[in-house]
Amino acid sequence: MAIYQTEAIVLGVHNWGDADKIVTFFTKERGKVRAAAFGCRRPRSPLAGGMQMFNRLEVRLSEGTKLHTVKTCSLISRNKKITEDLTTMAYASFMAEAALLFSPEGDQDTLLYERLCQIIEAFSKRNPRVTADAAVFQILEAAGMQLHIGACVHCGKKIEEAAVVNLRDGGALCTDCIDTARDVRENLPIHKDTIELIEKLSSFDWKSDEPMKIKGSALIEAEHILTGYLFYLFGKPMKSLEFLQQIAGK
């Protein structure tokens, strides 16, 4: 079995057996990779500290047919705020679940890897809710699954005023085309402020230190559209969204 070394972000962790974990990495060279970390739940394991959510690591992995195996790891960075603040952890988990759902295994995407590094860093200094929303809109775009909202997806007319987003048709419909949707039950209202916000979130530069000024009503509407679209794509709620609802209910 070939052994290789790569930078990686831990985006998924599940206990396995008595002392092991199945870890899902997003790696710099190979995209999404699932690996077994044997014995890492034992306190004296050299892997114990590394196999934690959102750690950025240098890892040595041994290739396997279904699962790779973690041989060694060294920590590059850890986001303290994510690990210590439950709300930040919940929003970061939403981002992580989206990244894993929209990333095929073994496909290199260096640009997405670098963006995920920047997003995880942003959780330490920006509003976690807005950070997560921007991240998921950008992950959708990287996967080619973004909603098209700047112009009507049926006639191409620029959306100037309030309109609707049709989840099945994958974007906005102008007032003239609302009734032409393949399923009008999938229509959700969208206003100009929300269109501008989604465009801002989708193109946000993670290297920027500029604060984002956001209208609350536009954020709520954008999130309603985003979560509705994700539900439409997967046919069921995302686990991380259920976690967020539990946090909000406390």
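**Notebook: salt bridges and cysteines**

I looked up Arg 129 to begin with: at 28% relative accessibility, this residue counts as partly exposed (buried is under 20% relative accessible area, exposed is over 50%, partly exposed is in between, with a 1.4 Å probe and protein chains only). The model is predicted, so I note that local features need pLDDT of at least 70 and side-chain atom pairs count only at pLDDT 80 or more, while totals for chains, interfaces and linings use all residues. Residues are numbered from 1 along each chain as its sequence is written, and side-chain values use heavy atoms, with hydrogens and water left out.

**Entry 1: charged pairs**

I found eight salt bridges in the structure (a side-chain nitrogen of Lys or Arg within 4 Å of a carboxyl oxygen of Asp or Glu). Helices (H or I, at least four residues) and strands (E, at least two) are DSSP runs, numbered from the N terminus. I logged Glu 223 as buried, its relative accessible area being 17%.

Next I checked Asp 176, which forms a salt bridge with Lys 157; their closest N and O atoms are 3.8 Å apart. Asp 176 sits in the loop between strand 7 (171-173) and strand 8 (187-190), and Lys 157 in the loop between helix 4 and strand 6 (163-166), so the pair links parts that are 19 residues apart in sequence. Asp 176 is exposed at 60%, whereas Lys 157 is partly exposed at 42%.

I then took Asp 169 and Arg 182, a salt bridge with 2.8 Å between the closest N and O atoms. Asp 169 is in the loop between strand 6 and strand 7, and Arg 182 in the loop between strand 7 and strand 8, so parts 13 residues apart in sequence are tied together. Here Asp 169 is buried at 15%, and Arg 182 is exposed at 56%.

**Entry 2: cysteines**

How many disulfides does the structure have? I get zero, a disulfide being a pair of cysteine sulfur atoms within 2.5 Å. Cys 155 is in no disulfide, and the nearest cysteine sulfur, that of Cys 174, is 3.7 Å away. I recorded Cys 155 as partly exposed at 46% and Cys 174 as buried at 4%.
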